[in-house]
Amino acid sequence: MYRIAVLASGRGSNLQAILDAIDGGRLPAKVVGVFSDRPGALALQRARDAGLPAIAMEPRRFATAAGIDRTAFDIALFEAIDATVPNMVVCAGYLRLLDAGVVEAHGGRLVNIHPSLLPAFKGLHTHRQALHAGVSEHGASVHFVTPDLDGGPVLAQARVPVLAGDDAPRLAQRVLAREHPLLVESLRWLAAGRVVLRGDRVYVDGRALATPLQLGANNAFA
Ligand code: GRF
């Protein structure tokens, strides 16, 4: 069975979408652990409710005179993650930057969901960025994680319209509703071995992907 470890800092609705898809028989996989930098994260509670290992690791435990030792934190975190022997590590609303060495050591086995149509609107406050830029279309991307923040190869996207009268919360809600099926479908293809990273390119069914897979209205890739 395909083994998924999830990293989440907050609400964990993307984690819940994964758990629900597994429960519903729509994703042949198993979540082997949920990891968070915030002990109070709702994501951890969702994991406990599902009877899954929920592990909090607090950055402040890695405080030095010069500040948090981010590398030491990430090394410890990924030691714990690796102990669950995941096939894929999914960052689903994980709000910390990852150490480049740790990312490189997990190349091709680490994906992130980001609420924008990458390469547009990297970083935080993506919905506000989209409204500010006046775009007519926004969405979410699933990408392989590389040391370049939100810059790794994108494997799939879901698009939503920006509507008149949108504010950031409304737009975020519309995007989030598509993030959930996007993440599940991406994991289905990853678990089936249909999507892989080779070098810095995404391959689908053995062919280099020119543009990201697109989530259709039926929640499957077109
Ligand atoms: C999602 O919009 C995700 O794309 C972003 O943070 C949000 C997390 O939501 N990076 P949740 O914790 O999965 O509910």
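Because the model is predicted, local features need pLDDT of at least 70 and side-chain atom pairs count only at pLDDT 80 or more, while totals for chains, interfaces and linings use all residues. Residues are numbered from 1 along each chain as its sequence is written, and side-chain values use heavy atoms, with hydrogens and water left out.

Let me begin with the ligand. Around the ligand we find Arg 11, Gly 12, Ser 13, Asn 14, Gly 93, Ile 113, Pro 115 and Glu 179, each with a heavy atom within 4 Å of it. As for polar contacts, meaning pairs of N or O atoms within 3.5 Å, a polar backbone atom of Gly 12 is 2.8 Å from an oxygen atom of the ligand, and a polar side-chain atom of Ser 13 lies 2.6 Å from a ligand oxygen. A backbone N or O atom of Asn 14 lies 2.8 Å from an oxygen atom of the ligand. On its own the ligand has 360 Å² of accessible area, of which the protein covers 84%, by the Shrake-Rupley method with a 1.4 Å probe.

Turning to the sheet, eight strands form an open, mixed sheet in the order β3-β2-β1-β6-β7-β8-β9-β13, where strands are DSSP runs of E of at least two residues, helices are runs of H or I of at least four, and both are numbered from the N terminus. Its edge strands, each pairing on one side only, are β3 and β13 (213-214), pairing here requiring at least two DSSP bridges. Within the sheet, β7 (residues 110-114) and β8 (residues 137-144) pair in the antiparallel sense over four bridges, and Asn 112 stands opposite His 143 in β8.

Which residues of helix α2 are buried? In α2 (residues 42-49) they are Ala 43, Leu 44, Arg 46 and Ala 47, buried meaning under 20% relative accessible area with a 1.4 Å probe, protein chains only. Seen down the helix axis, these buried residues fall within an arc of 155 degrees, so they line one face of α2, the arc being taken from the directions from the axis to the C-beta atoms. They pack against α1 (13-23), β2 (29-36) and β3 (54-56), contact meaning heavy atoms within 4.5 Å.

Finally, Val 202, in strand β11 (residues 201-204), is buried with a relative accessible area of 5%. Leaving aside residues up to four places away in sequence, its contacts include Phe 144, Pro 153 and Leu 209. The C-alpha atoms of Val 202 and Pro 153 are 6.6 Å apart, although 49 residues separate the two along the chain.

How values were computed:
Buried < 20%, exposed > 50% of the residue type's maximum accessible area, 1.4 Å probe, protein only. Polar contact = N/O pair within 3.5 Å; in protein donor to acceptor, adjacent residues only side chain to side chain.
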